[in-house]
Amino acid sequence: RDANDDGVAESRESLLTFKTSAEYPHNGIGVMTFAPDGSLVFGIGENFGADYELIGTDGSAQIGSGEGGNLFTCTRDGKNLRRIATGFWNPFGVTYDALGRLWTVDNDPDASPPCRLLHVIETGDYGFQFRFGRSGTSPLQSWNGTLPGTLPQVGGTGEAPCAVLPYGDRLLVTSWGDNRIEAHQIRDAGGRWQSSFETLVQGDALFRPVDLAVAADGSIYISDWVDRSY
């Protein structure tokens, strides 16, 4: 909180506490956004399958071990924590469009490309569980709704998608691994959404787009990792 508007925060408080033995930050708590109703939505990756406990300010908690990544929601003050959906590898980018639909990009199965653009449905399962291996090649895992009870992808994306952003009638996706920004056109495929994309920006090996934002005049700002090194 910045009480006197001097650009320096005088205090901070923890809204959520994430307890786990896993230490790799890439697949821990990551992206967040606000839902149309003002609640906070955020994602956690597969966390190397380690045990975890996620605790809100009111004591509400979620525990897990061995499953895939999840999307959770809570109030702006960290209360009423609950899980929205599961079965992701790492929901690295998440956003709502103007119609209130929730989208995420799944970054990124080790041995089972392509990465995925997903339409997130409340209580949905998108097919990945770490307990069956991190590579994503187990027949007990599903990347496109092939197992009963799992939901399909909207479409494939480039390697290592990091952000998804509604822009006009398309969804823009950053591909860190393929050095590009994609524009995905969504179409109704009868009970599900499907997409096709065109490359909006293509860079060389030193273009590693990560996040996107839209300015008031409609222009797009891009954050660029530049170097492949972690």
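Residue E182 stands opposite T199 in β15. The structure is a predicted model, in which local features need pLDDT of at least 70, side-chain atom pairs count only at pLDDT 80 or more, and totals for chains, interfaces and linings use all residues. Residues are numbered from 1 along each chain as its sequence is written, and side-chain values use heavy atoms, with hydrogens and water left out.

**Pairing around β14**

- Strands β13 (residues 170–175) and β14 (residues 180–188) pair in the antiparallel sense over six bridges; two strands count as paired if DSSP finds at least two bridges between them.
- The bridge partner of S175 in β14 is R180.
- Nine bridges join β14 and β15, again in the antiparallel sense.
- A hairpin is formed by β14 and β15 with four residues between them, and G190 in the turn has a positive phi of about 75°.

**The loop residue G149**

- G149 is located in the loop between β10 (115–120) and β11 (155–157).
- G149 is exposed, because its relative accessible area is 67% (exposed means over 50%, buried under 20%, and partly exposed in between, with a 1.4 Å probe and protein chains only).
- A distance of 29 Å separates the C-alpha atoms of G149 and A22, which are 127 residues apart along the chain.

Definitions and conventions
Helix = DSSP H or I, 4+ residues; strand = E, 2+ residues; numbered from the N terminus.
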